[in-house]
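Subject: Structure handover

Dear colleague,

Here is the structure for your files. My notes on what was found in it follow below.

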Amino acid sequence: MSHDFHPLRVVEVKRETPDSVCVRLEAPLEVAPLFAFKAGQHLTFRREIDGEEIRRNYSLCVSPNEGVLKIGIKQIAGGVFSGWANESLTVGDTLDAMAPHGSFTWNFAPHAAQRYAAFAGGSGITPILSLIKTALETEPRSHFTLCYGNRTSAGIMFLEELAGLKDRYLDRLALYHFLEDEEEEIALFNGRLDRERCEEIFTTLITPEGVDAFFICGPGPMMDAVEQALTARGVAKARILIERFTTAELSAAQLAAARALEEKAAGLKMSVTLNGRRVNVTFDPEKRSILDNVRAAGLPAPFACKGGVCATCRAKVTAGKVEMKVNYGLSPQELADGYVLTCQATPVSEGVALSYDI
Ligand code: FES
């Protein structure tokens with residue numbers, strides 16, 4: 001994929017909830033084909049705010065068939081980019097973005113008759129909305145169940161759009177809202193999507209054995225709870241797709257182990273390919289990751305979160321060995337194919353060769 005940034009024009013900013021906006025973007029004609037995407041993928045944005053370059057990923061909330069680019073941005077406490085977007089972003093502005101990417105997606109096919117289930121929390125609905133719309137319009141015989149958790153009804157993103165989808169696909173979309181701070185008649189829907197509630201959902205609303213794929217996106221504890229409940233019921237990992245935006249801090253022991261590995265790697269030589277250019281880089285532990293070593297050597301290697309989550313910094317190892325501190329962004333298949341997250345990677349052998357181009 002291309003790692004270049006392109007200016008997208010902001011053509012609509014719509015307030016979704018008191019703390020979120022939905023932004024429609026338009027790519028210049030000459031790069032529009034680069035912005036074709038698959039359901040569930042995201043865009044990496046780059047913006048200078050108060051003299052600092054900020055990079056953030058936001059998922060597309062539309063189906064590829066809609067022919068538009070739309071993202072949802074929820075304001076998070078202390079969030080520089082999300083705060084700026086919610087307060088200052090207006091029609092006519094431009095946002096620099098990389099081509100869509102990400103593996104939180106599915107190959108929907110018109111002849112398929114599948115059952116899908118999604119668990120979303122807060123702004124985690126964004127990629128899931130894209131997946132729901134695409135599944136239901138592409139596969140007329142497939143069904144989708146959504147369990148969506150929020151604090152209050154006023155904070156539910158895409159509430160009207162979801163209700164519209166429910167009306168349109170009455171028999172094929174099941175929609176359940178779970179609210180932490182509001183009481184409904186049915187106790188199951190009161191409270192957060194924790195492990196206990198998931199267990200109840202799997203005995204009353206959803207039969208996991210009958211679901212072909214689960215999609216999970218939201219706060220870390222919610223995603224862990226759903227994943228654990230599914231795994232405990234024997235659901236294969238290949239049927240559970242998870243999209244993370246944030247991750248827990250490493251423990252002191254994990255940090256010390258990572259530091260020791262970086263120091264041991266001092267002086268190891270790597271060959272790095274990006275945009276057709278190959279450069280030799282000597283690993284310097286003070287620069288920490290392979291990503292930061294590569295960037296310090298003058299190659300504009302792509303990145304966003306630097307936390308092992310978004311996979312923007314993905315590269316393929318073609319020789320030698322590297323180790324990652326954490327991996328929340330690569331699928332088992334990508335790992336088997338030799339991909340690593342370079343923001344988390346340290347070389348552990350001489351002669352490491354890696355490419356951002358394949
Ligand atoms: S920059 Fe996000 S995983 Fe490396």
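**Aromatic pairs**

A search of the whole structure finds 15 aromatic pairs; rings of Phe, Tyr and Trp (its six-membered ring) pair if their centres lie within 6.5 Å, and planes under 30 degrees apart count as stacked, over 60 as edge-to-face and the rest as tilted. This is a predicted model, in which local features need pLDDT of at least 70 and side-chain atom pairs count only at pLDDT 80 or more, while totals for chains, interfaces and linings use all residues. Residues are numbered from 1 along each chain as its sequence is written, and side-chain values use heavy atoms, with hydrogens and water left out.

One of the pairs is Phe45 with Phe81: the ring centres are 6.3 Å apart and the planes are at 35 degrees, so the pair is tilted.

Trp106 lies in the loop between strand E6 (94-97) and E7, and Tyr116 in strand E7, so the pair ties together parts that are ten residues apart in sequence. Trp106 is partly exposed at 22% relative accessible area, whereas Tyr116 is buried at 2%. Ring pairs also link Phe104, Trp106, Phe108, Tyr116, Phe144 and Phe215 into a cluster.

**Nonpolar cores**

The largest nonpolar core has 31 residues; such a core is a set of buried Ala, Val, Leu, Ile, Met, Phe, Trp, Tyr and Cys residues joined through side-chain atoms within 4.5 Å. Those with the most contacts inside this core are Ile125, Ile128, Ile132, Phe144, Leu146, Tyr148 and Phe215. At least two core residues come from each of strand E7 (115-121), helix H2 (125-138), strand E8 (143-150), helix H3 (159-168), strand E9 (173-179) and strand E10 (213-217). H2 gives the most, with seven residues. Domain 1 (6-97) and domain 2 (115-243) both give residues to this core, so it lies between them; the domain bounds come from an automatic or database domain assignment.

Not counting residues up to four places away in sequence, Phe144 touches Tyr116, Ala117, Ala118, Leu131, Ile132, Ala135, Leu136, Arg172, Leu173, Ala174 and Phe215, with contact meaning heavy atoms within 4.5 Å. A second, separate core of 28 residues includes Leu268, Cys343, Ala345 and Val352.

**The five-stranded sheet**

An open sheet of five strands runs in the order E9-E8-E7-E10-E11, with parallel pairing; two strands pair if DSSP finds at least two bridges between them. E9 and strand E11 (240-243) are the edge strands, each pairing on one side only. On average, neighbouring strands of this sheet are turned by 15 degrees against each other, direction ignored. Axes here are lines fitted to C-alpha atoms, for helices over the stretch in contact, and angles run from 0 to 180 degrees between N-to-C directions.

E7 and E10 pair in the parallel sense over five bridges, and the bridge partner of Ala117 in E10 is Phe214. H3 lies across E8 and E9, running at about 150 degrees to E9.

**Domains and single residues**

Besides domains 1 and 2 there is domain 3 (252-355). The C-alpha centres of domain 1 and domain 3 lie 28 Å apart, and the contact takes five residues from domain 1 and six residues from domain 3.

His6, in strand E1 (residues 6-17), is buried with a relative accessible area of 11%. Its contacts, not counting residues up to four places away in sequence, are Val31, Leu34, Phe35, Leu95, Asp96 and Ala97.

Most residues other than glycine have a negative phi. Arg288 sits in the loop between strand E13 (277-282) and helix H7 (290-296) and is partly exposed at 36%. Ala311 is in the loop between H7 and strand E14 (314-319) and counts as buried at 15% relative accessibility.

Regards

Definitions and conventions. Buried < 20%, exposed > 50% of the residue type's maximum accessible area, 1.4 Å probe, protein only. Helix = DSSP H or I, 4+ residues; strand = E, 2+ residues; numbered from the N terminus.
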